[in-house]
Amino acid sequence: MTGTITFRRKAADRAMKWVFYLCAFLVVLPLFLIFFDLVIKGAKELRWSLLVDLPHPVGEPGGGIANGILGTVVITLLAMTGSVPVAVMSGIYLAEYGRGKFASAVRFAVDTLTGVPSIIMGIFAYILLVLPMKRFSAWAGAAALSMIFIPVVVRTTEDMLRTVPTTVREAALALGIARWKATLRITVRTAWPGILTGILLAMSRILGETAPLLFTALGNQFWQTKLDQPMAAVPLQVFTYAISPYEDWHDKAWAGALVLITMVLLINIAARVLTREKR
Amino acid sequence: MASRSGKYTRDFAFEKATAFFASVVLFLAVLLFAVLLRESLPALRKFGASFLVTGTWDPVLERFGALPFLFGTVVSSFLALLIAVPLSVGAAIFINEFAPPWLKAPVSLLAELLAAIPSVIYGLWGIFVLVPILRDLFMKPVTKYLGWIPLFKGPVYGPSMLAAGVLLAIMIIPFILSVSREVLATVPQRQKEAVLSLGGTRWEMIRIVIGQHCLPGIFGATILGLGRALGETMAVTMVIGNRPEISASLFQQGYSMAAVIANEFAEAGGLQLSSLVLIGLLLMLVTLVVNLAAKGILSKMVARASRGI
């Protein structure tokens, strides 16, 4: 009797072990499939002209996504220029001074903004910038991306500053350094690699965002460097090509996706390497 | 003395400067709500609560109701949870309890990479790889033999509620997985050892410990995943079929709140624009409530763990 019970318990144990193995396998499987397809299908159209040429019309071979690459870089950097100071300074406020009702309100705002779906930020930028300016623009795209970027970086800055031991701050203050100088030169500098990692991770996230750009930056067939005009971006091109009915545009969508994932992962990995060195 | 007071003035100025930037963030959040509310007022005045239960979406007659989009968002998100939660929890248990040490870092790195892939790439992969696989290997055979069940009724197109649910599941797995791992890690080692020392098998240890300890945390992880799934736009737009219909069948095409905004916003005006903004506002409020709930549950969990219960 005890023998069968033990056997059943052992069998259940062994069976469940395989169930867990299977779960882990199924979780990583899509990643391999996605990367496999990206490389195989993306490589078909991946040639030099993809990176340096403008898009060609349907049916005309060749052509590239160069204007999209430029647009993605411009819009991302534009979004970050305004956001980094706001986000880092707010993070410093929350970590170093933030007590009381105002600080709780700011923290609540940051939590709220972090969870807002990215397409909502597109609506926000559309109403605030596209409607009054009466045209789609790189500015509006960058504004939408800023709204995604800021809360993430405020949070990581605060978290990273909190990992700096109080004793470090006290030691600096005991030496007679002014508090603002101690904060910037000692505390922030100690936490800087972590903060930079947060900035890079947030950058890699907004680099691939599509939804907030749909009706802000809109996309463009041609070169565009004026910031108050519609601007192309790689994610938008991937989307347009993917849902088009044309076979050769589908190939371009895969090639564009390969370029996009390369940009995203390079920054993502750079961010990770940075924290690893810190440890 | 003069230099000392100068030092404090600069301290004061620095603190106020950081506070100023913090107030910018607060202002942006308030502005976001205000702008969305103001722009959705015309639709809110015209349709009121009937907006939530009306199924028509007719730009020509200017009659708008959000029901098909609410339905699509809710069904695809819950379908995603149904698939993602068991898989993520299982994988988390594998990583924390079974995996050899050298495998832990790569597996969790891979899961994190899944989270870094832009959603438009998931959508692209969904259109050209996932949808054909699901259509030919799952939907067609199932509808052939089980088509009499409303849930699996044909005809099979490919883009469907099911495709959206599966793709969303793949996208939210990394989040549920990492939170589940943190939750599992809060279990005191001595409790696990206690079960094992009484002669329990590894599975019994997991079952008891999770039942005792981790269910609220896993629920929190689930709600967090829901918050992600509700607002996901591009991937869903690309595979859900974009047809504002309500069907009991998972194989039929549907629409979601985020998808209708993505598809119609750029060309909308007047009452249609206002209705789309109202859908956006609803989506934002729902995700906000869901995220706050998840945060509440998880922070309670962490507090409990730090007390060592």
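Predicted model: local features only at pLDDT ≥ 70, side-chain atom pairs only at ≥ 80, totals over all residues.

Visitor: What is the radius of gyration of chain A, and what would a compact globule have?
Guide: Chain A has 24 Å. A compact globule of 279 residues would have a value near 19 Å. The C-alpha trace of chain A spans about 75 × 70 × 35 Å along its principal axes.

Visitor: What percentage of chain A is buried?
Guide: Buried residues make up 50% of the 279 residues. As for contacts in chain A with a separation of 6 or more, 71% join residues 24 or more positions apart.

Visitor: What domains is chain A divided into?
Guide: Domain 1 covers 2-43 and domain 2 covers 51-278. Their centres, taken over C-alpha atoms, are separated by 36 Å. The contact takes four residues from domain 1 of chain A and five residues from domain 2 of chain A.

Visitor: What about the domains of chain B?
Guide: Chain B has domain 1 (2-48) and domain 2 (50-306). Here 33 Å separate the two centres, again over C-alpha atoms. Domain 1 of chain B brings ten residues to the contact, and domain 2 of chain B brings eleven residues. On the domain 1 side, six are nonpolar, two polar and two charged.

Visitor: Back to helices. At what angle do helix 7 and helix 8 of chain A cross?
Guide: Roughly 140°, and their axes come within 10 Å. The crossing of helix 7 and helix 8 of chain A is right-handed.

Visitor: Which residues meet there?
Guide: From helix 7 of chain A, they are A:V168, A:R169, A:A172 and A:L173. From helix 8 of chain A, they are A:R179, A:A182, A:I186, A:T187 and A:T190. By class, this contact has five nonpolar, two polar and two charged residues.

Visitor: Now the backbone. Where is the cis peptide bond?
Guide: It joins B:G154 and B:P155, with omega about -5°. B:P155 sits in the loop between helix 4 (119-146) and helix 5 (161-185) of chain B. Most peptide bonds are trans.

Visitor: What is the phi of A:L218?
Guide: It is positive, about 70°, although A:L218 is not a glycine. A:L218 lies in the loop between helix 8 and helix 9 of chain A. Most residues other than glycine have a negative phi.

Visitor: Is A:L218 buried or exposed?
Guide: Buried, because 21 other C-beta atoms lie within 10 Å and the cut-off is 20 or more.

Visitor: And B:E62, buried or exposed?
Guide: B:E62 counts as exposed, with 11 C-beta neighbours inside 10 Å. B:E62 also has a positive phi, about 55°. Its place is the loop between strand 1 (57-58) and strand 2 (63-64) of chain B.

Notes. Residues numbered from 1 in each chain as written. Chains lettered and ligands numbered in written order. Domains from an automatic or database assignment. Contact = placed C-beta atoms within 7 Å. Nonpolar A, V, L, I, M, F, W, Y, C, P; charged D, E, K, R; others polar. Rg over C-alpha atoms; globule rule 2.2 N^0.38 Å. Buried ≥ 20, exposed ≤ 12 C-beta atoms within 10 Å, placed from the backbone. Axes fitted to C-alpha atoms, helices over the stretch in contact; angles between N-to-C directions. Helix = DSSP H or I, 4+ residues; strand = E, 2+ residues; numbered from the N terminus. Left-handed = near helix turned anticlockwise from the far one by under 90°.
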